[in-house]
Amino acid sequence: MMTSVWRPYCQMKTAPPPMKVVATEGCHLIGSDGERWIDGMASWWSACHGYNHPHVRQMVNEQLQRMPHVMFGGITHEPAERLATRLAELAPGDLNHVFFSDSGSVAVEVAMKMAIGHWRRRNRPGRTRFLAFHNAYHGDTTGAMSLCDPKRSMHARYSDAITEQFHVALPRDESTTLELDRVLSRHSDSIAGVFVEPLVQGAGGMRFHDVETLVRIREACRRHNVLLIADEIATGFHRTGKMFAVDHTSDFESPVVPDILCLGKALTAGTMSMAVTIARSHVFDSFYDDDPGAALMHGPTFMANPLACSAANASLDLFESTPYNVANIESILRKRLSVLTDVDCVAEVRCFGAVGVVQFRDPPNMQLVQDELVRRGVWLRPFGDCLYTTPPLCVDDDSLHQICDAMIEATHATVLQCT
């Protein structure tokens, strides 16, 4: 049957019909017949406080009555100014300059433009390319695609049509650190910045690395005088147990403070699309000039949308008033999912913060896995060789156990069907 909707990340000719949802409540999706599924994905990491939170809804409704939208060029408004101030206070170091956009991919594109413009203002116009890491994922727009792993990501088939960037292994040891140094040294005249997903690589395979690896990346950027750009679109807002993943270095003698920080997803508690790119003072100051031509020429139509800003301010209110126990979520995920390490087709089970991952050695039919999960009242969307959960931070223990039960049972049931 033909459809007017072109759905994301699926082959329209062969994919089964999507699951239809008519309402949401708390951590649940609700179907037309009243079926309920726990959303173990938090709508792609975004619904951190669950759905329909009364405080978020109230602030958005109040803003809707006053002013749903106004262009941000030459105009400002209180929700945006208050949100920018609060984000600057939360971000580490002197990450004080907040640029609004309307999606995570655009926030990455803005960071790229900031970095290139920064070096042009400092008489290094040749610095127009970037370094990212194996298994990286930074978004679906053209510039962001170029930062994704050119061989291992969903965008590999477009690698010949987009800007070629540099990609190396994460510096987990001496040899990979030397390789990072070698590439940065050899191409010092052309690399504007290094992009990293701190501690958790998302759609490139749900892979984790330790804080020491993040520190090695920062030190390499310092040695070679390139900008460090942290893509925390997925990890921001307590997903790893800290407000931002880079905050796991806050107790170090020299904490990691990226030159540019990208945030999105949970920023508005999953209410509507918005993202920000936050720059440190030395990056902002490169554009701060009497010359109009030195301005950052970027301005999405819906940047700083007042409704989205109100949702984000409400979300920050909730983070201030609700101390989520992410350590408890991690503990339950780690304990419950560990039983799957005994399954022959499971290569690894790994958990960090409110992220639980089952990676398959020989992946079963992932559509069968998803069907089994749905039958057990849980919505997850496996991809590649991974079955993973990123539940709302407000998830209660019973719901979290139901997610784990469904992941365990679906894995066993699907393996039996495939043998």
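Modeller: The chain splits into domain 1 (21-52 + 324-416) and domain 2 (67-321), with bounds that come from an automatic or database domain assignment. This is a predicted model, in which local features need pLDDT of at least 70 and side-chain atom pairs count only at pLDDT 80 or more, while totals for chains, interfaces and linings use all residues. Residues are numbered from 1 along each chain as its sequence is written, and side-chain values use heavy atoms, with hydrogens and water left out.

Colleague: How far apart are the C-alpha centres of domain 1 and domain 2, and how many residues does the contact take from each?

Modeller: The C-alpha centres of the two domains are 28 Å apart. Domain 1 gives 24 residues to the contact and domain 2 gives 22, where contact means heavy atoms within 4.5 Å.

Colleague: What is the area buried between domain 1 and domain 2?

Modeller: The size of an interface is often given as the accessible area lost when the parts come together. Here about 1,900 Å² is buried between domain 1 and domain 2, with 71% of it from carbon and sulfur atoms; buried area is the accessible area (1.4 Å probe) that two parts lose on being put together, summed over both. Of the area that domain 1 buries against domain 2, Trp 45, His 49 and Phe 352 supply 38%, more than any other three residues.

Colleague: Now the helices. At what angle do H2 and H9 pack?

Modeller: Two packed helices are described by the angle between their axes and the distance between the axes. Helices (H or I, at least four residues) are DSSP runs, numbered from the N terminus. Axes are lines fitted to C-alpha atoms over the stretch in contact, and angles run from 0 to 180 degrees between N-to-C directions. H2 (residues 54-66) packs on H9 (residues 306-321) at about 150 degrees, with the axes 8 Å apart. H2 is therefore roughly antiparallel to H9 (under 35 degrees is roughly parallel, over 145 roughly antiparallel, 65 to 115 roughly perpendicular, the rest oblique). The residues of this contact comprise nine nonpolar, four polar and one charged, counting Ala, Val, Leu, Ile, Met, Phe, Trp, Tyr, Cys and Pro as nonpolar, Asp, Glu, Lys and Arg as charged, and the others, Gly among them, as polar.

Colleague: Which residues of H3 meet H9, and at what angle do these helices pack?

Modeller: H3 (residues 78-90) and H9 pack at about 40 degrees, with their axes 9 Å apart, and are therefore oblique to each other. Pro 79, Ala 80, Arg 82, Leu 83, Arg 86, Leu 87 and Leu 90 are the H3 residues that meet H9. The contact of H3 with H9 has nine nonpolar, two polar and four charged residues.

Colleague: And how are H6 and H7 placed?

Modeller: H6 (residues 174-186) packs against H7 (residues 211-224) at about 30 degrees, with the axes 10 Å apart. That makes H6 roughly parallel to H7.

Conventions. Helices (H or I, at least four residues) and strands (E, at least two) are DSSP runs, numbered from the N terminus.
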